Amino acid sequence: MKALITGITGQDGSYLAEFLMKKGYEVCGMVRRSSTENFERIAHIKDKIQLRQADLLDQLSLIKLLEEIQPDEIYNLAAMSFVPTSWSQPVLTGEFTALGVVRMLEAMRQVAADAKFYQASSSEMYGKVREVPQTELTPFYPRSPYGASKAYGHYITINYRESYELFAVSGILFNHESPRRGKEFVTRKITDGAVRIKLGLTDELRLGNLDAHRDWGFAGDYVRAMWLMLQQDKADDYVVATGKSHSVREFLELVFKYLELDIDKHVKTDPRLLRPAEVEHLIGDCSKAKDVLGWEPEVGIEQLAQMMVDADLERIKKEIASRD
Ligand code: NAP
Ligand code: F7E
């Protein structure tokens, strides 16, 4: 079996590549051209996968890539994924995160119509939630250019499935984190920042809205759900979540307690980090994924927070040692 992963240099791409390789897949990753390589997350597997250049902005590059590779499965993970940037770069976000999806689907329709397609949909589509908890049937109300772009990607995937009988599915994934999470996202910003405080490298951590609630899971569990969706006889869409919701403040408390640090002494809230429109409370109902895919999350929030702190401690201590 041959799989193509777009966004292989990202958090999920790297876990998915490892997962598929263990299953015996030939893995090909799509990367965009850059003057400096950005392969940190896949450095350990780089020699065992194929990397090919193409860009979600360039239709011909996608057609050529699919024509040459002829993958059995396509995982479309590439996107501009940081919500705040979607307000400062709304048009580019739409190009990558919304139109990028239809460019991939159109390339597949034209030259690899027998492949199976996975679209990385997001709980950000629920935004100002219409129902608690959120299921596959909960109406969307996106609250950012990112959420609106993902909603387009979601519906165009369903539309291509229904119009052209492609095997195309959407996984509506709630927040998932790991030691490989980008440092601008709140969980990693907290673990990295707290570890720096613990090691005496800084004294302060600035955060925005501590009252927002998220349903946080572990990325390693979530890539397993992506694969399971493509192993079904029928293409369908699934919510992937833990069914538990915690505030940013609760995550912060877990991390500071683990490191024996005092929140009041080190954490400042900064109004510049508040968003023009906030998604206040997300919690997913993944009953369908449990029943049909037999999927369940294995890592809870406490274990996740500790795993991230431990990894940041190890990494930053190594950085310090290499400077000495
Ligand atoms: P990530 O770490 O930000 O990775 C995004 C990937 O997309 C990177 O590999 C990036 O490549 C690539 N990319 C961006 N623009 C591109 C372009 N024009 N052409 C080709 N590649 C491009 O994101 P993630 O957390 O792994 O998430 C994976 C996907 O799931 C994203 O679509 C995200 O929106 C979605 N999602 C994530 C979550 C979550 O909680 N993590 C939840 C729901 C949905 P570079 O390395 O070159 O920048
Ligand atoms: O924010 C609050 C912030 O940036 C979570 C992406 O993977 O998941 C992610 O989107 C919450 C928000 O993730 C800071 O206001 C407080 O309420 O970690 P985040 P996100 O926006 O939920 C979804 C499912 C995706 O699809 C996205 O691609 O935390 N918050 N203080 C902060 N957030 C950040 N980043 N930084 C702060 O200082």
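This report describes the domain arrangement, ligand surroundings, salt bridges and backbone geometry of a predicted model.

## Domains and their interface

The domain assignment divides the protein into two parts, each built from separate stretches of the chain: domain 1 covers 2-177 + 218-240, and domain 2 covers 186-214 + 245-282 + 299-323. Taken over C-alpha atoms, the centres of domain 1 and domain 2 are 27 Å apart. Contact between them involves 15 residues of domain 1 and 13 residues of domain 2. The area buried between the two domains is about 1300 Å², and carbon and sulfur atoms give 62% of it. On the side of domain 1, the residues that lose the most area to domain 2 are Arg-143, Glu-177 and Phe-218, which together account for 40% of what that side buries.

Polar interactions across this interface were also counted. One salt bridge is found between domain 1 and domain 2, and three residue pairs are in polar contact across the interface, with both residues at pLDDT 80 or more. Helix H3 (residues 83-88) supplies the largest share of the side of domain 1 that touches domain 2, namely three residues. By class, that side of domain 1 has seven nonpolar, four polar and four charged residues.

## Surroundings of the ligands

Ligand 1 is surrounded by 25 residues, of which Thr-9, Arg-32, Asn-38, Ser-81 and Tyr-146 are the closest. Around ligand 2 there are 23 residues, and those that come nearest are Ser-81, Ser-122, Tyr-146, Arg-275 and Glu-278.

| Residue and atom type | Ligand atom | Distance |
|---|---|---|
| Gly-10, backbone N or O | ligand 1, oxygen | 3.0 Å |
| Ala-79, polar backbone atom | ligand 1, oxygen | 3.2 Å |
| Lys-150, polar side-chain atom | ligand 1, oxygen | 2.8 Å |
| Glu-184, backbone N or O | ligand 2, nitrogen | 2.9 Å |
| Arg-214, polar side-chain atom | ligand 2, oxygen | 2.8 Å |
| Arg-275, side-chain N or O | ligand 2, oxygen | 2.6 Å |

## Salt bridges

Side chains of opposite charge can pair when their charged atoms come close. The count for the model comes to 25 salt bridges. In one of them, Asp-312 pairs with Arg-188, with 2.8 Å between the closest N and O atoms. Asp-312 belongs to helix H11 (residues 301-323) and Arg-188 to helix H6 (residues 186-198), so this pair ties together parts that are 124 residues apart in sequence. Another salt bridge joins Arg-214 and Glu-124, whose closest N and O atoms are 3.7 Å apart. Arg-214 also has a polar side-chain atom 2.8 Å from an oxygen atom of ligand 2.

## Backbone geometry

Two features of the backbone deserve a note. The peptide bond between Val-132 and Pro-133 is cis, with omega about -10°. Pro-133 is placed in the loop between strand E5 (116-122) and helix H5 (145-164). Gln-70, a residue other than glycine, has a positive phi near 45°. This residue, Gln-70, is found in the loop between helix H2 (59-69) and strand E4 (73-76).

Technical notes:
Residues numbered from 1 in each chain as written. Chains lettered and ligands numbered in written order. Predicted model: local features only at pLDDT ≥ 70, side-chain atom pairs only at ≥ 80, totals over all residues. Heavy atoms only, no water. Domains from an automatic or database assignment. Contact = heavy atoms within 4.5 Å. Buried area = accessible area lost by both parts, 1.4 Å probe. Salt bridge = Lys/Arg side-chain N within 4 Å of Asp/Glu carboxyl O. Polar contact = N/O pair within 3.5 Å; in protein donor to acceptor, adjacent residues only side chain to side chain. Helix = DSSP H or I, 4+ residues; strand = E, 2+ residues; numbered from the N terminus. Nonpolar A, V, L, I, M, F, W, Y, C, P; charged D, E, K, R; others polar. Near = heavy atom within 4 Å.
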